[in-house]
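Subject: Handover of a protein structure

Dear colleague,

Please find below the structure that I am handing over to you. My notes on what was found in it follow.

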Amino acid sequence: MTAARTAAPAALASLALVLAMSGCTPGEQLVPEKGAIVLATGSDLSSSGVRQDLIHDWERRTGRTVRIVNLPDTADGQRSQLLAAGQSGNGGYDVLNLDVAWTAEFAEAGVIRPWATSLDGDFLDSVAKTVEYDGKVWGVPFNTDAGLLYYRKDILRAYGHGAPSNWGELKDMATEVAQAYNREAARDAAAGHRKKRPTMYGMVAQLRPYEGLTVNTLESAWVNGGDPDATSFTKGEQVGALQQGIADLKLRLDSIMPHEATTMDETESRRWFADGRALFMRNWPVEYASVAEKLTPGEQFDVTQLPARPSDGKRMSVLGGQNLAISAGSTRPAGARSLIEALTGPGSERCLLERGFAATRDSAYREAATAPRCPLPPGGAERGEHGATGPEPRPDPRTLHEALMAAAPRPRSAHYQTFSKVVQIGVSAYLNGRGGTAIADRLARQADDALGGRGDQRTGRPVRRARRRQPATIR
């Protein structure tokens, strides 16, 4: 991938060359691109912050403008609107900010264009996989995520413990420490201490029936021998991994979690942890600053990789994050590519890491002296929710880098959304005690059918495959 262009596309000769490389027709080559680059994204990108600052920096350097179109707040709403606009050809979008799980579906539906050039070797291997489908590259990784284990460092230390190494150790530690902590809190309350401490549970996670439940289920299946690259849950070493993973989730729910975990998303589980009601929490790095802001002064927490599976000591997490892709209907493909290259370049990725995001490039995690230079003025902070004026609290970059290196994408299937809904319905029913172990056994077969596009398990109707449009290739 080439570096972001720093000059406005004013010279007609060079513009004609760019347009010719973009797959435009001979007539189009003579017409300079006009108008703002339209970027469709969730609301998090439209607020002030580092990503908005990077966009403004590109505007200053190129003389072009970017118009941001806000999509619905929910991921399902964003996906539906982008698919509908892309398939109708009426969206008017140039750049799409996509969840990493959407690549295959959007490529298959013809809503995004192939990137045509391979990514450079600086992108993390695990992250680069999220833009690959059907032997092609369909975008560029923007920011990424890996699940982390949050833990109350002060409380564990008080009872002689550090971070757990595997899930069995976590369960035992959570049971022991939470019980001891609650007994001590009850004695303090009986003695008339003014500050009443809330009941401490061992752990919280995202078990509401939405994408977070699918993520937690996949991680639990992988810990139990599942292979992130496998395409079936009913063949080879995959047999039993999904069922055992679901059983482990149920065991943790019944033993160390509040039942309210079945209604929790990232925000609600973070609130429980920050309010002192959970010893451990599985969550994304983006919640780190919020936890740091909400904890009472003197209370301490830290993060580490998710616990290892006992068979080989491997730590595994599902990758999150967002990728940037060029809309199939874009009328400004050269400008769209220039913007994407700028937002995902080495300097920009270093800015993202310095301001609280997980960067997609390996070079961003180097020591400061050898890392790419962030082009933005120093001393800024990701603003908005926290109103911060100094650097955002963030996880140790070394911990984050290690977690990303061990993380893996969700199944790369054009039918991933159907698969995820099937998992959510089945696992939620199992966690809430409706149907017993038969649900877990049946779910592995249903998951395979969903990934292969062999039917919608809720309706019994076959899944209709979207006809792939043949968009122009952007180079």
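The protein exposes about 20,300 Å² (Shrake-Rupley method, 1.4 Å probe), and carbon and sulfur atoms supply 49% of that area. Please note that this is a predicted model, in which local features need pLDDT of at least 70 and side-chain atom pairs count only at pLDDT 80 or more, while totals for chains, interfaces and linings use all residues. Residues are numbered from 1 along each chain as its sequence is written, and side-chain values use heavy atoms, with hydrogens and water left out.

The secondary structure comes to 17 helices and twelve strands (DSSP runs of H or I with at least four residues, and of E with at least two, numbered from the N terminus). Of the 475 residues, 54% count as buried (under 20% relative accessible area, 1.4 Å probe, protein chains only). Among contacts (heavy atoms within 4.5 Å) between residues at least 6 apart in sequence, 74% join residues at least 24 apart.

A search of the whole structure finds one disulfide (a pair of cysteine sulfur atoms within 2.5 Å). It joins Cys351 to Cys374, with 1.8 Å from S to S. Cys351 belongs to helix H14, whereas Cys374 is in the loop between H14 and helix H15, 23 residues apart. Cys351 is buried at a relative accessible area of 0%, and Cys374 is buried at 9%.

Glu219 lies in helix H9 (residues 211-223) and counts as buried, at 5% relative accessibility. Its side chain makes polar contacts (N or O atoms within 3.5 Å, one able to donate a hydrogen and the other to accept it; residues adjacent in sequence count only if both atoms are side-chain atoms) with the side chains of Arg282, at 2.9 Å, and Ser317, at 3.3 Å.

The structure also holds nine aromatic pairs (ring centres of Phe, Tyr or the six-membered ring of Trp within 6.5 Å; planes under 30 degrees apart are stacked, over 60 edge-to-face, the rest tilted). One of them is the edge-to-face pair of Tyr150 and Phe273, with 6.1 Å between centres and 75° between planes. This pair links strand E7, which holds Tyr150, to helix H11, which holds Phe273, 123 residues apart. The rings of Phe273 and Phe301 have centres 6.4 Å apart and planes at 80°, so this pair is edge-to-face. Ring pairs link Tyr150, Phe273, Tyr288 and Phe301 into a cluster.

Yours sincerely

Conventions:
Buried means under 20% relative accessible area, exposed over 50%, partly exposed in between (1.4 Å probe, protein chains only).
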